[in-house]
Structures are given as C-alpha cells and as structure tokens.
Amino acid sequence: MKTDPSSITPPNPIFKYLPTTTSIGLRFAGIIFGLILLVVVLSRLTWTLGQWGQKQDLQRLAATLNTSLQQSGLPNGVVNSAFKPLTKAEFDQMEGGVHTVGEWTGEREFNQSPMLDRLMLGRQSLPPVAERLPADPLVIYPPDQNGPYGGLWQRYGTSAPDVGIFRARLAYDGLVRWGPMAQQILPNLAVKWEIADEGRTYTFWLRRGVHWSDGQPFTVDDILFWYNHVIRNPELTPTTPREYQRDGTPMVVEKVDDYTVHFKFSSPYGLFLKALASGRSYPMVEYPAHYLKQFHPDFVPVEQLAKMAEKQSFDFWYQLFEDRADWQNIDIPRLWPWILKVPPPAQQILFERNPYYWKVDEDGNQLPYIDQMSFQIYDGQIINMKAMNGEIGMQGRHLQFDNFPKFKANSKNRGYSVRLWISSGGGSALAINLNHKDPVLKSIFADHRFRKALSHAIDRRQLNEIAFFGIAQSCQISPPPISPFYSAKYEKAYTNFDPVKSNRLLDEMGLSQRNKDGIRLRPDGQPLHIRIEIASVFLSTPMFELIAKQWTAVGIKTDLKLEARQLFYTRKSALLHDVGVWGSADELIPVMDPRWFFPYSAESIQGIGYARWFQSNGKQGIKPPPEMARCMELYQQIERTPNPDEQVRLFQQIIDINHQNLWIIGTVGRIPSIFVVKNTFRNVPEVAVSGWIFRTPGSTAPECYAIDDQAKSEQSVLH
Amino acid sequence: MFNLIIKRILWIIPTLLVISMLSFLLIQLPPGDYLTSYISALEETGETVDAELVEALRKRYSLDDPIYVQYWRWIGGLLRGNFGRSFEWNKPVTELIFERLFLTVTISIATLIFVYATAIPIGIYSAVNQYSWGDYSFTLIGFVGLAIPNFLFALILMFVSDAIFGLSVGGLFSPEYQNASWSLAKFIDLLNHLWIPVIVLGTSSTASLIRVVRGNLLDELRKLYVVTAQAKGVPKIRLLLKYPVRVALNPVVSNIGWVLPQIVSGSIITSVVLGIPTTGPLLLRALMNQDMYLAGSMVMMLSVLTVIGTLISDLLLIWLDPRIRYENQSR
C-alpha cells in the first residue's frame, strides 16, 4: 500500500509538503553547508570575544588595583597598607575610626527610635524608655556620628542555618566582647570583672536592671539556669565544653547576689576571659530561665513534657527544649539588639529592634539605630552578584576575594564601597599527615627535612600571581605582624623558592634514587607518590595544581584530589590523607585555637592521632614525639597562666619548636577580608580586624551602625 | 478496560516500594552522614567540634543504627503520614515542602502554558509550510534554544533584566515585596520577575516540542486519508485540526507523565542560578548535606508523581486515540 506522494496531484494543492526529489537533496546540502558556516563563524566570534574579554579583564584589574591603592583620605594611609600587612608600630599608631565604650554618668533622660514612638501610640503598651533601660546602660561612642534612627539593613545568607550566624556575628552580646581592633577585651553585659586566686576565680559584675526583650529582668539566675540545667544536663549537653572545665572537673558557677557571679575552677585557668570574649559568653545569656523552665524536666514533670514534645512531632523532651531555645523560635525573649520577627523558612528572614536593648550613645539615644535587619536566602554566587549590584547594606560573609576587582569596579555606580579589613589569619595550610597508615610514608613524613624540602620547592611568588593578583604575602602559618605573638623569623622561614636546596635535603634523607621519569624511590623501591586532598570549599584550586607541579619537579610525584567536604572530613578522620589543605585559624591570638602549632583538636589534620592523645590526656590516640609533647606541655602551661605577657613568652617557645620542625607548610596569605558597605551606612569602620574569634563584624558594634539617607542624596549630587 | 486500569493501579504499590528502597539506599551511599556534613560546615566557620560530642549527636539522631532499621523507621513514618523532620532546618519535612510548593507550581504551570502555547502552533505552521522561510527560521531558533544550556541562558537573561530593566538580581520578588501580603503591586512585581524562569525553562522544551509536532504532523499529512478528505472538499483548517493534528499530539500527551513531577521539582539548576525558592534547590541541598528524611521524602514524592503521571497519560491516550482503546479491548 505504498504510494509515491509526488505521483498524486491533489485537486487543490494547499499543503506544500510535497517537494520534488531533486530539491530535497539540494536543500539538504544547503542546510549542511549553512550549519557548517554558522559553526565556523560562531566559534571565530567567541574566540575573539574571549581574547578581548580576557585582555579587558586584566586591564581593568590592574586599573582597579591601582586606584584602590592610590585612594587617600583615610587615617594614616590605611588603604595603602591594607594589602601590605601593617607592622605592630604602624597598627598601634592608628587611632579613631572605630567605636569605643563607656559608662552612662548623665541624667536619666533617654530617647528612642521613632518606630517605637509609633508602636507606643498604637496598641502595643511599652513602659517609657528610661524604665526599659538598665540603671547603668553601656554607652557606645560611634566612630562617625550619632544616629539617625531607622532603616532596613539588607543582608544575605545561603540557608536558614547560615542566617543563624546572626547570634554570633551580629548580636555577639555576651558578658564581654573583643574590641574592634582585637587588642583588648571590652565590657558588655558585665560592667567589670576580677581575676583572683591565680586564675581560679573569675568574678563578673553585671549591669543592673537589664531586661529581656519581653520586659522581664535579666539576672545571675539566668546564668545559673544555663549552667546547672543546660550545660550540666547530660541530655542537653553530652560533653561539657573544654572551656568550662579544668582537667575533667567542671567549673562551679556561684551566685553572690542578683548581679554578681563567680566562676570557679579547680586549677588556674588563664584563657577563660579570652574564651568568654570569643564564643563562650553569648551562649550563657541565651537561656531566659523564666521562659525555658516550662520546657525543662527539672521544673515540669517529664510525662507532661513528653506529651508536649509528641504534639510537636518530637521524640524526646530535649528536642523540644532545643527547638524552643533555638534562634528560629520567635517567642523566646532575647538580649540582642534585634529580635526575630519573621522566622525561616520564609524567603526573607526579618529581625526587628529590641525595645529593651540596654545600650545608648553619648546623647542618651537608645541603640540600635537601625530598625530592621533582613536576610534573604540565595546561592553564594547570587550573593556575590547582589554585592556587585549594590543590593547589600553591609556584609562580608560569602563574598569571594576573587571578585574583588568586580566589586571595586561597580562600587562607584552602584553606591557602595569596598572595605578591606585586616585578616587575623594567614592563608591556606598544607598539612602532611604525620599519623599516616603506610609505615614507609609515615617515616618519610616524620623527617623534618622532607617537610622543609617541600616548603622550599614551592614558588610562592607564582602562587601569589595566579591566585591573589600578586597582593598576598609569602608566609608560614604564623601570627600576623600586628599580633603580640608575632615572630618575624618563623613567618618567613623556609618560604624562599630554592629547588636546589630542596633537592639536596631530599637527597640527604636517602631519597636520592630515582626512576626513569625522575621520580624519587622510597626505601622500599616504590616511586614516591603523594596526593594533596582539598575539600571543595576552597576556591583557589589552581594554586594547589601549581604546588603539585612544583613538588613533582623535585622528584615527588604529586597529584591533586578535590573532594566534597563530607568525604574530606571522613577521610581525614580515618587518617587516610597524605596531605590535607585547610585554612588558617586566627593566628592573631593563637592561644585560642593552636591547631596549626601542634596537634590540638580534630581539625589539626597534620596529626589527628596525636591530637586525640592530647585531648584525652594520653588515654587514647598516638603518643607524640618529644618535641611535639613539649609544645603540648607549654600550651597547658599557658592555659594555667592568666598573665598575657607570660602567655606570649611561653608561646614564643612553641613557635621556636615549630621553626625547627615545620609541621605545617604555609603558602601565601595575609589577604584582607572584604566587606561591602552601602554609601548610606555610617559608623562602619574603614578598617578593623576581622576573624572568627572576634566574631566580626560583631566586634565593631553593629548596633551603632546607622543608615543616613541624607548623606546619600548629597553624594548623588556630587556624582 | 476497567481491569486494565485496576491492574495499573495495583502495580503502583510494588513499584513505589522498590523505589523507596533504592532512593533510601542511594541517599545513604555516599561516605559519611548528615553529621559529617554538619560538622564540616561548622569547621568551615572556624568552630571546633569535640569527638565525644559527635558520638553523642550520632546516637541522638540514631545515625548509628543499621541502614535497614533506619529505613524501617522512615518508611513506617511515611505510611502513617509522618515524613519526619529535616536535620538541617529542624522543621517538619511537610512544612518545608509546602512552603515552597506554591511558587514551584506557579512557575511550572506558567512554563507549561508558555511551552504549549508557542510550540504547538509553531509546530503546525512548520509542518504545513515545510521548507518555507518561516519553517527555516523557527527551526534555527528552535535548535539554538535546544543548544543553549539553561544555566547560561538564565545568566544572560538575568544580566539583561538588570542592565536594561533595572530589576533586582535573582529571586521572584523585589526586596520590598518579599514579605508583603498579596496585592496587585506584588502580583505585577511577580510577573516582572516570572518571565525569566519561564523563558529559560520553556525554550528547550518548546524547541523539542516543535520538532516533535512538526515531524509527527508531516507523517500524518502524507497519509491517504488526508488526501481523501481534501479531495472531498473538507475545509483546510477543520481538516487539519480534526484529524492529523490530533494524531500528531499523541507523543505530547504521553509526555504528561514526566511533566507532573517536573512541576513539583522545578528545574534545579535554573532555580539555583536564578535564586528562586522552588523545591529544586531544597532537594539539591538536602542531597548534598545528606539530610536523609527531607531528601528521601522529596524523592518519594517525585516518584509517586511520576507513577501517577504515567497512569494519567495512559488514560488520556486511551481516551484520545481509538487505536489504543480498541487494541486493549480486543485482548
């Protein structure tokens, strides 16, 4: 039943689907030819455009870097030195530009935000502002100006849990805080404190009459509730954090009166105040006893709690308790400058001013100045685009250093500025696994000459050009120059590119035999092959590709493996990696987290087995070699020493031992942290010290940031 | 006929059971568990985590149970309508999914309408006017649409919307409407942002659908019944729509089975790039963090929808195409 369609002529040829056979072939050839032409033209075009774009990018990069270096009008030419780490002397000379704190001595006449005036006119009943503030409110002297009130601070996060850093990095309201320059510890909820018994007893005097955001008074009883019923409750806190105990004995918290509290330790503890300033004192004031008692079995029968938990589809009472104590709960009273109004999983998470916040400026204006803070949830790349688009109020989190030239290039048109804050760390660390399971590799890794040879084999100038536009510094993982713990000798030790020396060291070790590819042979005759493992959170992988090449050049065959951070975590915990890569850890105050100076915690990927030994006081893990054990001993001595100068002196000895052994290979670092700040924002420092232990920007008092729309219109007139 | 439908429905149960086992296994397969990703995320911020605490947490989340115990707990909850809680969000899974479902369905249906409304008429036009200039230009546009990766297209349109129209980058609402209640202004704002994902998601399926409709219709047009009908003087448009187009749409209908889960899952990559809060990015994140109850429940939900979608498309085909109907009846 086959019919040749061309043989039938329809009565009325309405469908033009019946081509003649000759034209099919012709047209087919035509289409093929056209497509080939298209491909050729398109590829040519993209090639040229790409070349042109690259050239443009490089030129623009150079231009923006130059202008940013030439910018002036800042105290002591700070921007000039932002790329070049400040020396301690230069740093100490810098003054102004950051907030300071004091105590209120004037009359009890205070002002509040117009937003609260409106609220009080409406239905909401609030006591007058003077009654809401404590007897002795903390005074913050903002760096630029007082006020004005109002405005919305736009920020972005990558997920709801990511927004949870609000409590650490934006509220950051514990008993004490680090100052914006990270040199001193400032009073916060505590007015003053005293260290007695050689560091066994810490006494804190709290502000009198501070209120939770629901108007209930905050007293020492809330701290006691946190310690006795949360930290000491094995279901809520399975293990007491290291900072709240000495040699396995938990500290004792004693109430002297409503506003005076003792923390007592069984043996001297010299780092407690620093720990409180960093991360250990804001959690202790996040548990309002009057609210949370209704969810705790010490106060309510367990059966009743179990029923409440089940109703909320929890299996256990402590899940309900944790859920109620979590930042995502909008009912829990807080001491924060802003309290949660619209919780996750909303797309825009909103915080609003706390009418009971307990800080004022010198004119008696209740802080914070900014009424609302919003977090929108986006992918990290989009957040970077939002920054370039000027849609961010003030933020540094999730901004990538690689984008710095683009941030800079857009800042004029989009009305924001890029601030470079001094970073407390120093680049990425290459950690060689000293607890390797392969005995041959283990004995090679244990030789300090091997590690020094690897360090000399790295051409750090080349890494710097490739990954950091040439503005980073070669350095080992060491305290930065502005740190009291700084050691110039160790910072630059073994950082010069010297393949000859590197080869000599390796030959001396007995690794002089090579195979036909030039790869050195291990004592067992196998080629020496190591692998650098990187968690995929690190973006500058080209840098590590270079390192792998440079190590291969001195006869150690090296390859690179990029893995999901979960896999990285699993492999490092099982001691399976050869060389692991991770970032530095606030070496500005290295006594807080000395993970790179000796195996201290599970993050010390150079020797997790040794770290287990240290953490368990020799009960588990692998016994470290004597020099390493000496470092651990010195650190324990530091922990017992409240005197800061003595801490520095002892830590210098740890650094000296590191200088001899070089357990960690540093690359390039001292990269400033980027913050994007809208031009309307006031009181954001040009320069501050940035780091996790200072919870920046928390250490710069975000509650005194202000949004001045007046200033915006002035600036737009100027341009 | 009736028997066939019953049989189809009964087959759904074992299918879903196997799917649930496989998906649970796949989610558990990568090394580590939710806790490893939780801890490694903490470590990224600089926090240190105690090894003892990790063990305690693992017990608490019952992650140290053998896999079949965990599976049993999960599937038992599912049967009772309890989807479990997401580890990462610390919220019931149902709440998380439904929060995002509305926007997801809005985008998907808008996309679907866009695809059908453009692809079917163009396909018909191209077939009827084969090898005309119109056909060639639609073919070219269609191939370009097929060839451009969605994420690239999304980035380009995002740039265009920002540079030319001055809209805020990403998302479906401008910041000021984000938490506002529904109003005309908010709706217009939504429309302003909606066109990008609709076009991005729509182009490739539009392009392929044009090809499908065109090809099928061309086959039909060559058949003798068309010639006969023409010879009998049936008006052109009526002839076209009543017979060949109806047959040519068969593959479109059988695709509905895949369309249904797509409506709910949203296009993951496009949503991530554009920053749209659909269920796609939620699923991606859950899988990456091994948030197993959330990921498992979403995979299950998508599977159920695929199975139901297939059933619906079967039924539609039976209704649409007499040949399938008769074939089944004769058995």
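Buried means under 20% relative accessible area, exposed over 50%, and partly exposed in between, computed with a 1.4 Å probe on protein chains only. The model is predicted, so local features need pLDDT of at least 70 and side-chain atom pairs count only at pLDDT 80 or more, while totals for chains, interfaces and linings use all residues. Residues are numbered from 1 along each chain as its sequence is written, chains are lettered from A and ligands numbered from 1 in the order in which they are written, and side-chain values use heavy atoms, with hydrogens and water left out.

**Stop 1: chain B**

Select chain B. Of its 331 residues, 46% count as buried. Its C-alpha atoms fill a box of roughly 85 × 60 × 35 Å along the principal axes. Helices (H or I, at least four residues) and strands (E, at least two) are DSSP runs, numbered from the N terminus. Contact means heavy atoms within 4.5 Å. Of the contacts in chain B with a separation of 6 or more, 73% are between residues 24 or more positions apart.

**Stop 2: where chain B meets chain A**

Show both chains. Here 62 residues of chain B are in contact with 63 residues of chain A. The size of an interface is often given as the accessible area lost when the parts come together. Buried area is the accessible area (1.4 Å probe) that two parts lose on being put together, summed over both. Between chain B and chain A this area is about 5,400 Å², and carbon and sulfur atoms give 56% of it.

Now select helix 2 of chain B, residues 34-45: with eight residues, this helix gives the most to the side of chain B that touches chain A. That side divides into 29 nonpolar, 18 polar and 15 charged residues. In this scheme Ala, Val, Leu, Ile, Met, Phe, Trp, Tyr, Cys and Pro count as nonpolar, Asp, Glu, Lys and Arg as charged, and the others, Gly among them, as polar.

How many salt bridges does the rule find across the interface of chain B and chain A? It finds zero, a salt bridge being a side-chain nitrogen of Lys or Arg within 4 Å of a carboxyl oxygen of Asp or Glu.

**Stop 3: the nonpolar cores**

A nonpolar core is a set of buried Ala, Val, Leu, Ile, Met, Phe, Trp, Tyr and Cys residues joined through side-chain atoms within 4.5 Å. The largest has 186 residues, and A:Phe263, A:Phe450 and A:Trp551 have the most contacts inside it. Helix 8 of chain A supplies the largest share of this core, eight residues. Select A:Phe263 and its surroundings: leaving aside neighbours within four places in sequence, its contacts include A:Leu175, A:Tyr202, A:Ile223 and A:Met284. A second, separate core of 34 residues includes B:Val49, B:Val54, B:Tyr71 and B:Val93.

**Stop 4: helix 16 of chain A**

Select residues 448-456 of chain A. This is helix 16, and seven of its nine residues are buried. Among them are A:Phe450, A:Arg451 and A:His456. At the start of the helix, a side-chain oxygen of A:Asp447 reaches to within 2.8 Å of the backbone nitrogen of A:Arg449.

**Stop 5: A:Ser213**

A:Ser213 lies in the loop between strand 7 (201-206) and helix 8 (220-231) of chain A. Is A:Ser213 buried or exposed? It counts as buried because its relative accessibility is 14%. A polar atom of its side chain lies 2.8 Å from the backbone nitrogen of A:Arg334. Not counting residues up to four places away in sequence, A:Ser213 also touches A:Pro333, A:Ile339, A:Asn354 and A:Tyr356.

**Stop 6**

Most residues other than glycine have a negative phi, and most peptide bonds are trans.

- A cis peptide bond joins A:Leu367 and A:Pro368, with omega about -5 degrees; A:Pro368 is in the loop between strand 14 (359-360) and strand 15 (372-377).
- The bond from A:Thr696 to A:Pro697 is cis, with omega near 5 degrees; A:Pro697 is in the loop between strand 27 (689-690) and strand 28 (706-707).
- A:Ala701, in the loop between strand 27 and strand 28, has a positive phi near 60 degrees and is buried at 0% relative accessibility.
- A:Asn617, in the loop between helix 22 (608-615) and helix 23 (626-639), has a positive phi of about 55 degrees and is exposed, with a relative accessible area of 54%.

Notes. A polar contact is a pair of N or O atoms within 3.5 Å; within protein, one must be able to donate a hydrogen and the other to accept it, and residues adjacent in sequence count only if both atoms are side-chain atoms.
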